[in-house]
Amino acid sequence: MTWTKKEQDFLKDLQSEEKVCIEKYHRAAGSACDEGLKKIFNGIAQAEQHHYDTLTQMLSGTIPQQKKGGKQQAQQPAPGSLKSKASKAEKQQDAFLLADLLGTEKHVAAEYNTAVFEFKSPEARNILSGIGVQEQNHGKQLADYMMANNMYC
């Protein structure tokens with residue numbers, strides 16, 4: 001697949017966003033106080049790495065095969081596992097990490113939404129749209145954890 005200059009620029013920008021997400025989630029996993037939250041952060045970091053790899057394939061001119069059954073879904077934690085066992089001070093630290101990452105997910109999901117409109121290829125639009133939905137789901141995971149722990153205002 002040959003991309004226009006604008007499409008290439010979008011792919012590179014999205015790849016940069018994913019690189020930031022990967023780094024932020026790894027750092028957050030290392031800083032989080034609650035073990036359940038560390039698992040959530042590590043799981044999302046893996047999904048972000050998959051997004052980065054998909055964009056790398058696209059930049060090389062390859063349209064990655066989509067898995068049967070639609071878009072890749074992140075594993076949702078069991079509702080009971082969302083309750084933090086951390087102290088009040090530790091919860092405040094985790095709340096800061098969560099708020100930062102939720103803002104990041106909102107931004108990245110919006111970037112994918114914009115990119116969908118800029119690509120000619122229906123296959124590329126489907127892939128970018130699917131990643132955008134996954135980013136929204138990451139934000140939902142974070143918000144669910146925040147709500148379960150009275151961290152979401």
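User: Where is Thr104 placed, and what makes a stretch a helix?

Analyst: Thr104 sits in helix α3, residues 88-118. Helices are DSSP runs of H or I with at least four residues, strands are runs of E with at least two, and both are numbered from the N terminus. This is a predicted model, in which local features need pLDDT of at least 70 and side-chain atom pairs count only at pLDDT 80 or more, while totals for chains, interfaces and linings use all residues. Residues are numbered from 1 along each chain as its sequence is written, and side-chain values use heavy atoms, with hydrogens and water left out.

User: Why does Thr104 count as buried?

Analyst: Buried means under 20% relative accessible area, exposed means over 50%, and partly exposed lies in between (1.4 Å probe, protein chains only). Thr104 has 11% relative accessibility, so Thr104 counts as buried.

User: What makes the pair Thr104 and Lys24 a polar contact?

Analyst: A polar contact is a pair of N or O atoms within 3.5 Å; within protein, one must be able to donate a hydrogen and the other to accept it, and residues adjacent in sequence count only if both atoms are side-chain atoms. The side chains of Thr104 and Lys24 make such a contact at 2.6 Å.

User: Which residue forms a salt bridge with Lys24, and why is the pair called that?

Analyst: The partner is Asp100. A salt bridge needs a side-chain nitrogen of Lys or Arg within 4 Å of a carboxyl oxygen of Asp or Glu. The closest N and O atoms of Asp100 and Lys24 are 3.0 Å apart, so the pair qualifies. The pair links distant parts of the chain, with Asp100 in helix α3 and Lys24 in helix α1, 76 residues apart. Lys24 is partly exposed because its relative accessibility is 23%; Asp100, at 38%, is partly exposed as well.

User: How many salt bridges does the structure hold, and which one involves Asp9?

Analyst: The structure holds five. Asp9 meets Lys5 in one of them, at 2.9 Å from N to O. Both lie in helix α1, four residues apart, about one turn of the helix. Lys5 is exposed because its relative accessible area is 58%, whereas Asp9, at 30%, is partly exposed.

User: How do you know that the span of helix α1 agrees with its residue count?

Analyst: The expected span is 1.5 Å times one less than the number of residues. The 27 residues of α1 (residues 5-31) should therefore span 39 Å, and the end C-alpha atoms are 39 Å apart, which agrees.

User: Why is Gln65 called exposed?

Analyst: Gln65 has a relative accessible area of 76%, so Gln65 is exposed. Gln65 is found in the loop between α2 and α3.
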